[in-house]
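Hi everyone, thanks for coming. Let me put the sequence and the model up, and then I'll talk you through a few parts.

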Amino acid sequence: MKLMKQLLAIATIAFATAAQAAPATEAPDALVKRISQDVIDTAKADKGIQAGDINRVNALVETKILPYVDFQRMTSLAAGRHWRTATPDQQQRLSAEFRTLLVYTYSGALSQIKNETVDFKPLRASPDDTDVEVRSQVNVARGEPVLLNYRVAKSPAGWKIYDINVMGAWLVETYKSSFNSEISKGGIDGLIKTLSDKNKALAARPAAKAK
């Protein structure tokens, strides 16, 4: 589970650095490759991140990650059919709470990044494709390489990640069942409250111990 969170942390924060300089014509796999290496290097060198400082992680996410991750699409896919019946305000609040949950859940894992490297597979896509899967593997010091794939879609604002696959499990699908369970019990507002309560509990704990 610790390794899973570490890999998801790498994936979730993969678009965190050098975002402002990304060329408009850069291929999605080239973008992910360049920025993934940047974030690994940053995590290794940043003493605050190594110490599990949630403020350092939050600052990184708030300033760099948002333009390159489509949290609203991730949330809508996780909520499934219930997303269409939610009000715009509920959609906004649910997306915000889900984003915060991902940040808190995986921020502690960033401090565990030590000697990992990432290798990328050739992109299987046509030049005019607007929705692609970028495939990679994370090489760890001990054990077999772990597959780590991204679903990336092209928008007017550029390429954005909207799902992550770690060892065969897609992030959206992982949350979909729990989202549906909460919605069946208390509706969209019930799910928002559950996520909000979880985020408050995580915020009150030392970042390095958040799980």
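Let's start at V134: leaving aside neighbours within four places in sequence, V134 is in contact (heavy atoms within 4.5 Å) with P28, D29, V32, F120, L123, L148, N149, Y150 and V152. A word on the ground rules: this is a predicted model, where local features need pLDDT of at least 70 and side-chain atom pairs count only at pLDDT 80 or more, while totals for chains, interfaces and linings use all residues. Residues are numbered from 1 along each chain as its sequence is written, and side-chain values use heavy atoms, with hydrogens and water left out.

V134 is also one of the residues with the most contacts inside the largest nonpolar core, which has 47 residues. By nonpolar core I mean buried Ala, Val, Leu, Ile, Met, Phe, Trp, Tyr and Cys residues joined through side-chain atoms within 4.5 Å; buried is under 20% relative accessible area and exposed over 50%, partly exposed in between, with a 1.4 Å probe and protein chains only. Helix α8, residues 171-203, gives the most to this core, ten residues. Helices here are DSSP runs of H or I, at least four residues, numbered from the N terminus.

Now to α2, residues 28-45. Which of its residues are buried? In α2 they are P28, L31, V32, I35, S36, V39, I40 and A43. They sit on the same side of α2, because they cover an arc of only 150° around the axis, taking directions from the helix axis to the C-beta atoms. On the face turned away from that buried side, α2 carries the exposed K33 and A45.

Finally, confidence: pLDDT, the predictor's confidence in each residue from 0 to 100, averages 80 for the protein, and 76% of the residues score at least 70.

Key:
Helix = DSSP H or I, 4+ residues; strand = E, 2+ residues; numbered from the N terminus. Expected span 1.5 Å × (residues − 1).
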